[in-house]
Amino acid sequence: MDAEALRKYSALHPKPAGLTLQYGTAGFRTKAEQLDHIVFRMGLLAILRSKAVTATIGIMVTASHNPEEDNGVKLVDPLGEMLHPSWEEYATQLANAEERELQKVIMEICQKAAVNLHKDASVFIGRDTRPSSEKLSQSVIDGIQVLGGQYHDYGLVTTPQLHYMVCCQNTQGQYGKATLEGYYEKLSKAFMELIKQSHCSGESQRHLKIDCANGIGALKLSEMKPYFPQEVLIHIYNDGTKEKLNHLCGADFVKVHQKPPGGLDMKPNERCCSFDGDADRIVYYYKDTAGHFHLIDGDKIATLISIFLKELLAKVKQNFKMAVVQTAYANGNSTRYLQETLKVPVHCVKTGVKHLHHKAQEFDVGVYFEANGHGTVLFSKAAETKIRQLVKEEKDDEKREAAMMLENMIDLINQTVGDAVSDMLVIEAILALKGLTVQQWDALYADLPNRLLKVQVADRRVIDTTDAERRALTPPGLQEKIDALVKKYRLSRAFVRPSGTEDVVRIYAEADTQENADALAHEVSLAVFHLAGGKGAPPQPI
């Protein structure tokens with residue numbers, strides 16, 4: 001390591017005094033002007049990680065659904081998965097080290113993680129459309145070059161596309177070609193093969209309005225349009241030419257506010273969907289003839305996909321284990337429908353994509369979605385091999401046809417991470433194959449009314465949880481209070497959890513009516529305020 005070069009470049013990307021940030025599920029995320037030293041140092045860390053695992057690592061510059069003035073950076077591990085938890089700690093140490101300590105911290109990481117600095121290293125870089133992203137990815141390149149690494153800068157890509165490229169590269173092309181054309185070709189081919197089997201006709205079935213959050217999704221969908229068959233009639237809104245990224249639009253806005261995005265004119269019963277700023281989340285929605293807005297979130301997406309996969313798996317008559325993974329935020333009626341009607345096992349894990357992904361890997365077919373619309377399906381190596389073998393060798397027509405559909409699903413789904421483009425194509429294919437309208441999909445079950453609130457506290461660490469964050473261990477008496485409040489309402493449940501990034505406690509409640517869900521959420525928020533050191537005025541009724 002060239003200590004002089006490290007000193008020189010580090011001085012060009014100085015750390016602001018007193019700033020401390022932590023690497024979380026979303027990597028680092030804050031105001032763009034505070035990130036220069038962080039992204040430079042993540043360039044350094046990516047090289048160390050690459051040397052440690054002898055593979056290409058990805059770095060994505062994005063703040064996803066955050067406002068345009070924010071930005072962020074996260075690392076992608078060799079198979080397109082999230083950064084390994086032990087390296088999240090190294091990322092935090094390196095980001096917060098004082099300038100004079102930088103070399104020492106790098107050497108400590110090398111020692112702890114058995115990094116051989118003489119090995120080759122390579123990094124793939126991607127960025128979203130924020131005004132700050134180009135300059136920040138240049139700072140990443142500075143970090144990479146200081147430690148003598150190779151890099152390939154993909155420029156503007158969706159987050160899932162970068163995850164995909166990294167996986168392709170490290171599987172020597174087995175997963176696909178590590179190019180945008182390779183991504184478009186793989187997905188569109190699988191999609192076209194799937195909808196060949198569809199008997200549904202009618203223009204309205206094929207029209208889809210897509211709100212791209214004024215982000216990277218609009219750019220990449222436009223590039224992909226020539227790869228789609230003529231039957232796919234997608235209409236892109238919020239394409240970034242007029243308004244700010246994520247402003248009053250995008251998947252997060254639609255989910256949180258339970259209303260359509262600005263910039264998209266909805267007619268009754270039209271099928272619409274929204275991506276988030278970096279195109280790794282998707283939610284669907286429509287307005288009925290009475291003008292009521294209906295949101296179809298990650299829970300209903302997981303349910304639709306599970307119904308389709310379960311039918312195909314039954315036809316191939318293999319003993320595959322399938323399960324759905326959710327978090328505590330999943331609507332109670334979705335869990336009930338999956339377990340009781342579909343008879344699919346459901347597992348609940350802590351909030352955060354890495355926890356869902358990890359759990360889903362335990363099954364032959366693991367479907368996971370957060371309620372916010374981030375999710376995908378994982379197929380085990382053994383299941384994938386068997387399915388591809390059945391396509392080639394199965395004599396029974398029905399079994400072979402089901403295996404072919406499963407094979408195309410495997411190719412259409414981006415198994416590295418939630419991918420709005422891939423998930424959209426999966427959903428559109430299933431709706432076409434099953435001849436379902438968006439209203440019929442929505443009618444599978446009715447969501448229980450729910451409410452999300454947050455309470456400011458002096459220190460979020462006073463809340464400690466267990467049972468996949470569904471029960472509070474501390475402060476004393478809080479869980480007992482929540483249990484007593486829940487008993488007052490029908491079909492109700494509530495839980496509290498500390499935010500991962502700020503001193504607030506998040507509260508979720510659901511019940512048989514919206515009025516009761518609101519009342520329960522308010523009462524729980526008061527309990528948190530009084531027992532967990534609330535700040536400011538006590539929460540007011542909704």
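The following legends describe close-up views of a predicted model. Numbering starts from 1 along each chain as its sequence is written, and side-chain values use heavy atoms, without hydrogens and water.

**View 1. The largest nonpolar core contains 87 residues.** A nonpolar core is a set of buried Ala, Val, Leu, Ile, Met, Phe, Trp, Tyr and Cys residues joined through side-chain atoms within 4.5 Å; buried denotes under 20% relative accessible area, exposed over 50%, and partly exposed in between (1.4 Å probe, protein chains only). Phe275 and Leu309 touch the most other members. Helix α16 (residues 420-434) supplies the largest share of this core, 11 residues. Helices (H or I, at least four residues) and strands (E, at least two) are DSSP runs numbered from the N terminus.

**View 2. Surroundings of Leu309.** With residues up to four places away in sequence not counted, Leu309 touches Met322, Val365, Val367, Val377, Phe379, Leu406 and Met409; contact means heavy atoms within 4.5 Å. A second, separate core of 43 residues includes Leu19, Tyr23, Val73 and Leu75.

**View 3. Contact of helices α2 and α3.** The axes of α2 (residues 36-53) and α3 (residues 85-96) come within 9 Å and cross at roughly 140 degrees. Axes are lines fitted to C-alpha atoms, for helices over the stretch in contact, with angles running from 0 to 180 degrees between N-to-C directions. The two helices are therefore oblique to each other, a class left after roughly parallel (under 35 degrees), roughly antiparallel (over 145) and roughly perpendicular (65 to 115). Among the residues of α2 that meet α3 are His37, Ile38 and Arg41; their counterparts in α3 include Trp87, Tyr90 and Asn96.

**View 4. The cis peptide bond from Thr474 to Pro475.** Pro475 is found in the loop between β17 (471-474) and α18 (478-486). Most residues other than glycine have a negative phi, and most peptide bonds are trans.

**View 5. Two asparagines with positive phi.** Asn214, in the loop between β6 (207-211) and α9 (216-224), has a phi of about 55 degrees although it is not a glycine. Asn214 is buried, with a relative accessible area of 6%. Asn246 has a positive phi of about 65 degrees and is found in the loop between β7 (233-237) and α10 (251-257). Asn246 is buried, with a relative accessible area of 12%.

How values were computed. Predicted model: local features only at pLDDT ≥ 70, side-chain atom pairs only at ≥ 80, totals over all residues.
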